[in-house]
Amino acid sequence: KRWGLFIFVVCVNQQKREEYLQLVKNRIKHLNVIIKNPDVAKIALTMLYIGEGTKSHKGSLIFGNSDPKTINLFLRLLRFCYHIDENKFRCTLQCRADQNIKALEKFWSQTTGVPLRQFYKARIDPRTIGIPSKKPDYKGVCRIDYFSADIFNEIMKITEII
């Protein structure tokens, strides 16, 4: 009897959460239109880069994250805001010792649209040798390098201006 009540409460709470998330989505859906303004997109790209990108390497953008959605957002904004030479991308996978590197590189190549031939050799964290991964869905960190001092400098100047 208690088990049935527990399941009922879980279902009710799940329904309430779904309704709440739909309200949030409806409240912010206009942002999808605003982000299509190139100036707004550059500001969004800059804010994302300030949070997750390397600021000390002056000749290129270096951006890394383990969340495919964050990597995808960065690349969509970058490709939208600038004329991108796809050959200037490089990716490096940073992963744990017990992970399947080939499978992860394939995953990140599909996620980023960067061909495998533009991937550097994966970097394995030596601290993880002999330690099994606890999160089976963890895909490592994808580090994106884009070789453009001009775009890097513009993003840094946007940071100063804002």
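View 1. Four strands make up an open sheet of mixed pairing, ordered β1-β4-β2-β3; strands (E, at least two residues) and helices (H or I, at least four residues) are DSSP runs numbered from the N terminus, and two strands pair if DSSP finds at least two bridges between them. The model is predicted: local features require pLDDT of at least 70 and side-chain atom pairs pLDDT 80 or more, whereas totals for chains, interfaces and linings use all residues. Residues are numbered from 1 along each chain as its sequence is written, and side-chain values use heavy atoms, with hydrogens and water left out.

**View 2. Strand β4 and its antiparallel partners.** Five bridges join β1 to β4 (residues 141-146) in the antiparallel sense. Phe63 has Ile144 of β4 as its bridge partner, and Gly64 stands opposite Arg143 in β4. β2 and β4 also run antiparallel, joined by six bridges; here Leu93 stands opposite Cys142 of β4.

**View 3. Helices α4 and α5 on the sheet.** Helix α4 lies across β1, β2 (89-95) and β4, at about 155° to β1; axes are lines fitted to C-alpha atoms, for helices over the stretch in contact, and angles run from 0 to 180 degrees between N-to-C directions. Helix α5 (residues 101-112) packs on the sheet and touches β1, β2, β3 and β4, its direction making about 140° with that of β2. Contact means heavy atoms within 4.5 Å.

**View 4. Packing of α3 against α4.** Helix α3 (residues 38-52) packs against helix α4 (residues 68-81) at about 140°, the axes being 9 Å apart. The two helices are therefore oblique to each other; angles under 35 degrees count as roughly parallel, over 145 as roughly antiparallel, 65 to 115 as roughly perpendicular and the rest as oblique. Contact residues include Leu45, Leu48 and Tyr49 of α3 and Leu73, Phe74 and Leu77 of α4. By class, the contact comprises 12 nonpolar residues, one polar and one charged, where Ala, Val, Leu, Ile, Met, Phe, Trp, Tyr, Cys and Pro count as nonpolar, Asp, Glu, Lys and Arg as charged, and the others, Gly among them, as polar.

**View 5. Crossing of α3 and α6.** The axes of α3 and helix α6 (residues 149-161) come within 10 Å and cross at roughly 95°, which makes α3 roughly perpendicular to α6. Among the contact residues are Lys42, Thr46 and Ile50 of α3 and Phe152, Glu154 and Ile158 of α6. This contact has seven nonpolar, two polar and two charged residues.
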